[in-house]
Amino acid sequence: MNLSPTSNLALAVRTENVTRHYPMGESLIRAVDGVSISIEPGEFVALLGQSGSGKSTLLNLIAGLDRPTSGSVVVHGKDLAKMSSEELARYRRNDVGMVFQAFHLIPSMTITENVELPMRFAEVDRAERAQRSRESLERVGLGNRLEHRPSQLSGGEQQRVSLARALANRPSLLLADEPTGNLDTRTGEDILNLIRDVSLSLGMTVVMVTHERALAERFAQRFIFLADGKLVSEEVRA
Amino acid sequence: MTGYDLLELAVRNLRQSKLRNGLTTIGISVGVASLVAMLSLGVGLQQMATRRLAGSGLFDTVFVTSRQDFRGFDREDDAKTAHPEQSPVLDEAARTKITKLAIVTEVEPEIRVMGEVVSNGETHFGFVTGLPMSARENEAFDNLKGKFFSGNEADEAILLTDFAKELSPKDPAALIGQDITLRYGERQALPQEQSDRPQMTGGDNNASNDASDSFGFSVVRKLQTLRVVGLIDAEPYGGMRTVSRGRIFLPVGTTERLNMAQFTDMRSSLRGASGKSYMTLTVRVKDPAKVAAVQDAINQMGFRTFSVLDATKSLRRFFTVLDLFLGIFGSLALAVATLAIINTLVMAVLERRREIGVMKAIGASDQDVKKLFFTEAGAMGFLGGVLGILLGLAIGKAINFGTGIYLHRHQLPAEAVWSMPVWLVGAAIAFSIVVSLVAGLYPASRAARLDPVQTLKYE
């Protein structure tokens, strides 16, 4: 790869020879083992691979939830490996939105409160919080369910709430970890459609981890294949 | 996260497991209640003791006696100072000298004599004591029926209600404004010839002898009419001084003017040509803080002094130790409650692993998580503290009620042995919060250390 400094800064995400090793008993698990990838702003990229291929670990490294053993993860020109845990928290709060396979909504809170939670951490004032959570929920088509609790919603609806929460602080990067894994095919497609539409209208970069190649091919612009923690190949949608 | 959001989230989390957190909060409140009850008991007892002493009017008073008359309690002190026979006599000159001390407001002798009141042909025996005008400030006169003495030499009397009932069983209050006749012994100086002394030189023969009775005295029965001006239910000075043991109270100036003979006059009759002397002078000091200085000054004159200053010092030391012990025992329950807080919060951390991971993933910092658990601990501490104060108040009411019944059964006036001062309320709640926060240290840091990747793994 031959990237000039300017194009480096212009990249949304760049990993350089990044590794993440876990000790497990006597042996060492090389979950991510020297991966270098670049993602352009506004791109929709799918990370594909078998389970245990290291795709989720790579996503967590990009999300700043995990720190690399070596190498660097640079997002919008900032090296996450060099950030303090406080700075990483601020990065996750302001620059990243996450959607999970298991939705990870807080069951005791209404969906409005769930969506407001990241804004509480960002110290957004009350009035604006209410307005933005409503906007987010309307964007995902749940404007009429504001006071419901997650348990009263279907899986697809819960994933929409999760997406609305990810959008709350208006991040530039949306990271989705198997977002359709707990949903039936149709609902999964609906969610991915929604993610694509939202990212297009808000100009967000999307990185999605999935093992369903067929689904990824319908939505992502580029596919990165991982196996045993290593980059195997990259493909651009025809 | 802002403080308000933190509090809101903490309270909502606490309400998620009402039973567990409720029980822990009750645990804290029991701890706070026991601490508060114990300390309030200490405070109450101290107040009761201090009230007794203050009521005795002893705080601003120095008692002066001559070294000739009594042996002190402090033998060492006696050995160091001049031989008793060389020390001065407590006479009129000494009294004047003490009166001239800068911050002394009143110097009066203690006078207590036997007397009889003659009424309807019957005689009623009672001790007559002289009260200084300053006795008006004493709390026994707060419930005075009638008036206080109009002057230090007025021919007036105040009677103990019990004694008044003896004189007038039907309506003791009707005695106020009436005259009574008091029979007492007057100390009269002997003419020189009757003295036990050998023949004196000529100079002494011409000495004026009107007030002085240097050769001895006789006790002559006398009658005096007195106007009853008031009745009191309780003895003045809390019954703790010689002059409070009486049933008929006269202005001390009147008792002196009438030259009433006291038991203790026997002592001065044995002495040489010194004339009339006092057994005890009570010296009132303007400022209780200056008592020690006045004591020193009077000691310098060669007299023995006594004040309750030293007694109150050791009293205070005693109560400090008592409070300490009561506090330690009271704290035991709170220490147990602390363990309950740690237990509850560690459980909460385990239960909410996933939730903590989610919060971190969507932007909570380690500090945010730590503060959240701290706030939960603090909120339980605050609630426990407030409940504990209420519970402590109930316990205190019960203690006071119980001792009230006990005292009543023993014919003693009710007294509050338990008293919760305002500072203790504030201090107990603050202490409860601080203790809870300390208990929250470990669970909070454990929650903050949780690895979000581990907690969010799909299971």
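**Exercise 1.** Find what share of the contacts in chain A between residues at least 6 apart in sequence join residues at least 24 apart.

Step 1. Take two residues as in contact if their C-beta atoms, placed from the backbone, lie within 7 Å.
Step 2. Among contacts in chain A at least 6 apart in sequence, 69% join residues at least 24 apart.

This is a predicted model: local features need pLDDT of at least 70, side-chain atom pairs count only at pLDDT 80 or more, and totals for chains, interfaces and linings use all residues. Residues are numbered from 1 along each chain as its sequence is written, with chains lettered from A and ligands numbered from 1 in the order in which they are written.

**Exercise 2.** Describe how H4(A) passes H6(A).

Step 1. Locate H4 at residues 111-121 and H6 at residues 155-167 of chain A.
Step 2. Their axes (lines fitted to C-alpha atoms over the stretch in contact) come within 7 Å and cross at roughly 30 degrees.
Step 3. The two helices are therefore roughly parallel (angles under 35 degrees).
Step 4. On the H4(A) side, A:Ile111, A:Asn114, A:Val115, A:Leu117 and A:Pro118 meet A:Val161, A:Ala164 and A:Arg165 of H6(A).
Step 5. Sort these contact residues: six are nonpolar, one is polar and one is charged.
Step 6. The crossing is right-handed (the near helix is turned clockwise from the far one by less than a right angle).

Definitions and conventions: Axes are lines fitted to C-alpha atoms, for helices over the stretch in contact, and angles run from 0 to 180 degrees between N-to-C directions. Helices (H or I, at least four residues) and strands (E, at least two) are DSSP runs, numbered from the N terminus. Angles under 35 degrees count as roughly parallel, over 145 as roughly antiparallel, 65 to 115 as roughly perpendicular and the rest as oblique. Ala, Val, Leu, Ile, Met, Phe, Trp, Tyr, Cys and Pro count as nonpolar, Asp, Glu, Lys and Arg as charged, and the others, Gly among them, as polar.
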